[in-house]
Amino acid sequence: MLSSELPRLLLSMSPDLVLDDFLDADARARIERLSRWAPPGIAFGAEDLPEAELAEAEVLITSWGAPVMDEAFLARAPRLRAVIHAAGSVKGFVTDAAWARGIEVSTAAWANAVPVAEYTVAAILFGGKHALELRERYRRTHSEAGLREEFRAVGNYRRTVGIVGASQVGRRVIALLREHDISIKLYDPYLTSAEAAQLGAVCVGLDELCATSDVISLHAPELPETRHMLDARRLGLIPDGATLINTARGSLVDTAALVSELVGGRLRAILDIVEPMPAADSPLFELPNVFLTPHIAGSFGNELRRLGDAAVDELERLTRGQPFAHATTHRELARSA
Ligand SMILES: NC(=O)c1ccc[n+]([C@@H]2O[C@H](COP(=O)([O-])OP(=O)(O)OC[C@H]3O[C@@H](n4cnc5c(N)ncnc54)[C@H](O)[C@@H]3O)[C@@H](O)[C@H]2O)c1
């Protein structure tokens, strides 16, 4: 329960982030209408949280770099009832002690999933056109001669896309692909065939997905059981010329095995995240069959505003006595990103 007055609110995020990137003037005005933001207009780094304000705070709006809510932190924040996270996973800072105290937690992971899904669908469609290889070729030859013979395999018509993980991102990708002449296979150990069919996908095992997809897109969370889920054996099952897209986590793929497939030229890859981070002399920067981006698929630039707006919407629900629209629970986290 919040106090009957406007709740006391504190903001905390990494000092490397810029609050204006999350909150425009409207969002700030809404926060000030809905709460006692102390002191207004400021977000503190985890190390710099002011003791007096923390002791009074009932609601914490957080983002990347949020304070780890261990026993010592919770003792400094005795009135804290709710955390609204303007970013993705809360695993790194909402501790067992915070859950045990019954603090309500909301996350904007759904909003962070939006740009990842957009990036993925753009990658699938543009990748299916072999646009990047074609650009390289055009730069070299300045000619259209021979294109049709050389690039017969190009195109998105009746392709099969294999989605790994019916996660928030995975589901959005499937929904966005519905408009296209593309069939979707889906692997998720927690999903039934009927649930997959409702999403518009066919539920298959991971080996079958690898062996029968033209594009494989990873959207599973980083968990002990997903580490190297695409190992050398599974990469070997993927058909020649197919594309692997990874916007999820680098640890899902055995990078050494993938690099060896890519150097051999058998597969193509669109990678937003690689583990370990590629060294300056990594072939991933140079190979014509690889499109490597510096972890931009998630909220970036003006997409951070969506996270800020999502947080203010949740604050509004809280102050009206309504449940969070995007509450997350301790139980869910075991299977989540
Ligand atoms: N590139 C970026 O900036 C960026 C941004 C957001 C999310 N991500 C990553 O994208 C991925 C999806 O994020 P999310 O928030 O949609 O995830 P999520 O928390 O919604 O995923 C949870 C779902 O994953 C499924 N799952 C669990 N174990 C699985 C397994 N072994 N195999 C396949 N599926 C399994 C379960 O159905 C579960 O419901 C994560 O790896 C996340 O870290 C990356």
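**Exercise 1. The ligand shell**

Task: In this predicted model, find how many residues surround the ligand and which are closest.

Solution. 
Step 1. Count the shell: 26 residues surround the ligand.
Step 2. Name the closest ones. They are Val169, Asp188, Ala220, Thr247 and Ala337.
Step 3. Sort the shell by class. It divides into 12 nonpolar, 10 polar and 4 charged residues.

**Exercise 2. Ligand contacts and cover**

Task: State how far oxygen atoms of the ligand are from polar atoms of Ala220, Arg249 and Ala337. Then give the share of the ligand's area that the protein buries.

Solution. 
Step 1. Start with the backbone. A polar backbone atom of Ala220 is 2.7 Å from an oxygen atom of the ligand. For a polar backbone atom of Ala337, the distance to a ligand oxygen is 2.8 Å.
Step 2. Move to a side chain. An N or O atom in the side chain of Arg249 is 3.4 Å from an oxygen atom of the ligand.
Step 3. Apply the cut-off. A polar contact needs N or O atoms within 3.5 Å. The Arg249 pair, at 3.4 Å, is within that limit.
Step 4. Look at the cover. The ligand taken alone exposes 880 Å², and the protein buries 89% of that.
Step 5. Find the elements. Helices α6 (109-128) and α9 (168-177) are the ones that give two or more residues to the shell around the ligand.

**Exercise 3. The second largest pocket**

Task: Describe the second largest pocket by its volume, its lining and its residue classes.

Solution. 
Step 1. Give the volume: about 390 Å³.
Step 2. Read the lining. It has 20 residues, and Leu284, Phe285, Phe291, Leu292 and Thr293 are the closest to the centre of the pocket.
Step 3. The elements that supply two or more of its residues are α7 (131-141) and β12 (290-292).
Step 4. Sort by class. The lining of this pocket holds 14 nonpolar, 2 polar and 4 charged residues.

**Exercise 4. The largest cavity**

Task: Which element gives the most to the lining of the largest cavity?

Solution. 
Step 1. Recall the idea. Rolling a probe the size of a water molecule over the atoms shows where empty space is left.
Step 2. Count. There are 3 cavities of 30 Å³ or more. The largest cavity holds about 70 Å³ of space.
Step 3. Read the lining. Among its residues are Gly127, Leu132, Glu133, Thr243, Arg268 and Phe291.
Step 4. List the elements. α7, β11 (268-271) and β12 each supply at least two lining residues.
Step 5. Pick the top one. β11 gives the most, with 3 residues.
Step 6. Check the classes. The lining of the largest cavity has 6 nonpolar, 3 polar and 2 charged residues.

**Exercise 5. The aromatic pair**

Task: How many aromatic pairs does a search of the whole structure find? Work out the class of the pair formed by Phe22 and Trp64.

Solution. 
Step 1. Count: the search finds 1 aromatic pair.
Step 2. Take the geometry. The ring centres of Phe22 and Trp64 are 6.5 Å apart, and the planes stand at 55 degrees.
Step 3. Compare with the limits. Planes under 30 degrees apart count as stacked, and those over 60 as edge-to-face.
Step 4. Locate the partners. Phe22 sits in helix α1 (residues 19-22), and Trp64 in the loop between β3 (59-62) and α4 (71-76). The two residues are 42 residues apart, and the pair links distant parts of the chain.

**Exercise 6. Backbone exceptions**

Solution. 
Step 1. Know the rule. Most residues other than glycine have a negative phi, and most peptide bonds are trans.
Step 2. Take Pro39. The bond from Ala38 to Pro39 is cis, with omega near -20 degrees. Pro39 is in the loop between β2 (36-37) and α3 (51-56).
Step 3. Take Pro276. The bond from Glu275 to Pro276 is cis, with omega near -5 degrees. Pro276 is in the loop between β11 and β12.
Step 4. Take His228. Its phi is positive, about 55 degrees, although His228 is not a glycine. His228 lies in the loop between β9 (215-218) and α12 (232-237).

How values were computed
Residues numbered from 1 in each chain as written. Predicted model: local features only at pLDDT ≥ 70, side-chain atom pairs only at ≥ 80, totals over all residues. Heavy atoms only, no water. 1 Å grid on protein atoms, 1.4 Å probe; cavity = no way out; pocket = protein on both sides within 12 Å on 5 of 7 lines; lining within 4 Å. Points joined across faces, edges and corners; volume = space filled by probe spheres on them. Helix = DSSP H or I, 4+ residues; strand = E, 2+ residues; numbered from the N terminus. Nonpolar A, V, L, I, M, F, W, Y, C, P; charged D, E, K, R; others polar. Near = heavy atom within 4 Å. Polar contact = N/O pair within 3.5 Å; in protein donor to acceptor, adjacent residues only side chain to side chain. Areas by Shrake-Rupley, 256 points an atom, 1.4 Å probe, with all protein chains shown as cover. Phe/Tyr/Trp six-rings, centres within 6.5 Å; stacked < 30°, edge-to-face > 60°.
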